[in-house]
Structures are given as C-alpha cells and as structure tokens.
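Biologist: Can you walk me through this model? I'd like the pocket, the domains and a few helices.

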Amino acid sequence: MRVAVLAGGTGAARLACGLAQALAPGELSVITNTADDEEMWGLLVCPDTDAVLYRLAGLFNADAGFGVRDESFHALETLGLLGEPVWFGLGDRDLGLHLLRASLRRRGMTLTEAVAEIGRRLGLNVAVIPMSDDPVRTRVATEAGELSFQEWFVGERCEPPVRGLRFEGLEAALPAPAAVQAVRAADLVVIGPSNPLLSVDPITALIGPHLERERVIAIAPIIGGRALKGPTVALMAQLGEEPTALGVARHYAGLASGFVLDAADRELSDAVARLGMSPHVLDTVMAGAEGEERLAREVLALGRG
Ligand code: FO1
C-alpha cells in the first residue's frame, strides 16, 4: 500500500516512523514542510525535514526534541566567541549534514535531490521529500514587528502573540515534482498530527491541488483542547480559529474525507461528521516506538477500509 504522509513537527515525524515500520520498503513517502527552513552562515537548516531524516535513521535527539543525539556545540561556541548570535542551537553533529547538503546543492542538486541523496546515504528505505525546491519562509507578524519563524519559535520561545502568518515565496514556489508524484501515486495520504497553520498549510498550499479528498485522512494534533507539543492551541486561538480538534477538522474539511480524533474528543465525532468528514476515534497518543507503530497500523487499517 503506497502511503504519503504530510509532515511538520514532532507528531507527524513520529507517525512517519511508525508508518515506516508498518509498511514495506519503498511504500512510504514523507512530504516535509520547508517553511521553517532558514539559511544560517550559508547553510540551509531544514528542521522539519531533518527531524524526519534523523528519526528514521535512529540518530534523533529525543531529549532535545531536535537535531542529533549525543550532540555538542563547539562550533557554535566559536561563532559566539566571534560575536555571532547563538540563540539557535546548531550542533556539531548536525553541522555535518548541513555541510554535505550545502556541497551537494553547490554541485547543482535541487533540495529534493540533496535530501534524497542524504536519505540514501543514511540507508533509509523511505522517500523523504521536501514540499518544494523553491524557498518558502514563514514570517510571523507580532506586535514587535515581523519575525522569521525560528526567531519567533526559538528566539522568542513562541511568547509574542501572533497577529498574522505569511509564507514568503509561496506564490512563486512550485511543489517539488517528486512530492506531487508521491501524493498522486499514493493509495492513502495522511495529514500528520502537525500544526495545521504552521506545518500543514504551507505543504497543502503547494500540493493541495494534487490531493484526492477521498484518499486523504487527517489526524488531530490537539487532544482534549491541548497540543502534546508546540504552540498549536495558542496560535489557532490568536488567529481566530477554534483551538480544538473540531477546529482542526474544520480547517481540513475541504482536503480530507477522514478525520482521526483522540478518544478524549470522542464527543466531537458527530460535529466532525456534520462537516462531511468520516470521524474515526483512536488513541492518538504514541507511547514510544511501539505507540508510533500501533497508531500507524490503525491509520493504515482505516485507509484500507
Ligand atoms: N528548537 C529549539 O527550541 N531550540 C533550538 O536551539 C533549536 C535548534 C535547532 C537546530 C536544528 C534544527 O534542525 C532544529 C532546531 N530546533 C530548535 C527545532 C526547530 O526550531 C523546530 O523543530 C521547527 O522549526 C519547528 O518544528
């Protein structure tokens, strides 16, 4: 069964790992959000893409929630010594990947090709595909002015209330051809439990026209009114969207025919059905690698149904 998962942030990256365990080699494609990406010291940092690469390769730093395990920050210390801003924790082991990706791109590879090459060298049998080869950058409008995504998320720890989001470069950007091919060939497309406004909207803005609603299932990133990780609830509230699983279903109603709610939100099933979506109630909290595979298998069973 060919599956494509749209991924940004922790929840979707973890589900992607579960799907990789539940599917045969070559059956899974992960389309990653690149709007969080940021050029730093001439290196393109791709947090959502790299979190998927590192998790699938077993290199991820689960304690930090980003980057590579057993990390050190000596290069960053030198940059700080030389007067550079060091609020973004770019680690030494992570830098190794950035140096290779910069080199591959300097040799003429697209971002898709460079990420595919890195996936190959990591021994992955999952296609990790950035949503676009063109630059798309989230800009966060706050009362203190407009911030880059990383300035807001890391630099300001998501504290400045958000007045608006825009995705610079989106109008001119094209979806990565490999991403279009993956969603068109997929028997099932899964919108992962990600932040709908920050992580999923940029992806679906590009590949949405290539999605067939009947083959799309979305998973709520909010459980009982709370997000397990990240600024989803506060952000949706600040931008006038209902910060509940139902609000997320409403956000995806045009894109997905199925919507997975956590058991804690079972009472929202009828309201989801009234949106014209098929509600499915699962335990969406993934406890460890076993939980990732369990949820993946349950979502695949829905897709086969
Ligand atoms: N997140 C943080 O909260 N603090 C950091 O210092 C940090 C560094 C970092 C370095 C590389 C990378 O790929 C991700 C990093 N992240 C850090 C996470 C990143 O900001 C977020 O994962 C995404 O942009 C939002 O999902």
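Modeller: What follows goes through those topics in turn.

Modeller: This is a predicted model, where local features need pLDDT of at least 70, side-chain atom pairs count only at pLDDT 80 or more, and totals for chains, interfaces and linings use all residues. Residues are numbered from 1 along each chain as its sequence is written, and side-chain values use heavy atoms, with hydrogens and water left out.

Biologist: How many residues line the largest pocket, and which lie nearest its centre?

Modeller: The lining has 50 residues. Gly9, Thr10, Gly65, Phe153 and Lys229 lie nearest the centre. To count as lining, a residue needs an atom within 4 Å of a point.

Biologist: Which helices each supply at least two residues of that lining?

Modeller: H1 (9-22), H2 (47-57), H6 (149-155) and H8 (196-207). H2 gives the largest share, six residues. Helices are DSSP runs (H or I, at least four residues), strands are E runs of at least two, and both are numbered from the N terminus.

Biologist: Switching to domains. What does the assignment give?

Modeller: Domain 1 is 3-37 + 112-134 + 171-304, and domain 2 is 137-166. The bounds come from an automatic or database domain assignment. The C-alpha centres of the two domains lie 23 Å apart. Their contact takes 10 residues from domain 1 and 12 residues from domain 2. Contact means heavy atoms within 4.5 Å.

Biologist: OK, H1. Is it mostly covered or mostly open?

Modeller: Mostly covered, with 11 of its 14 residues buried. Buried means under 20% relative accessible area, exposed over 50%, and partly exposed in between (1.4 Å probe, protein chains only). Among the buried ones are Arg14, Cys17 and Leu19.

Biologist: What do the buried residues of H1 pack against?

Modeller: S1, S2 (28-32), H2, S9, S10 and H12. As for length, H1 reaches 21 Å from its first C-alpha to its last, close to the 20 Å expected at 1.5 Å a residue. That expected span is 1.5 Å times one less than the number of residues.

Biologist: Zoom in on Leu19. What does it touch?

Modeller: Val3, Val5, Leu28, Ala296 and Leu300, leaving out residues up to four places away in sequence. Leu19 is buried, at a relative accessible area of 0%.

Biologist: Now H12. Which of its residues are buried?

Modeller: Gly291, Glu292, Leu295, Ala296, Val299 and Leu300. Their cover includes S1 (3-7), H1, S9 (188-191), S10 (216-219) and S14 (278-282).

Biologist: What span should H12 have?

Modeller: Its 17 residues (288-304) should span 24 Å at 1.5 Å a residue. The end C-alpha atoms are 25 Å apart, which agrees.

Biologist: Is Arg157 buried or exposed?

Modeller: Exposed, with a relative accessible area of 55%. Cys158 counts as partly exposed, at 22%.

Biologist: Last one. Where is Pro25?

Modeller: Pro25 is in the loop between H1 and S2. Pro25 is exposed, with a relative accessible area of 61%. Its C-alpha is separated by 17 Å from that of Glu117, 92 residues apart along the chain.

Notes:
1 Å grid on protein atoms, 1.4 Å probe; cavity = no way out; pocket = protein on both sides within 12 Å on 5 of 7 lines; lining within 4 Å.
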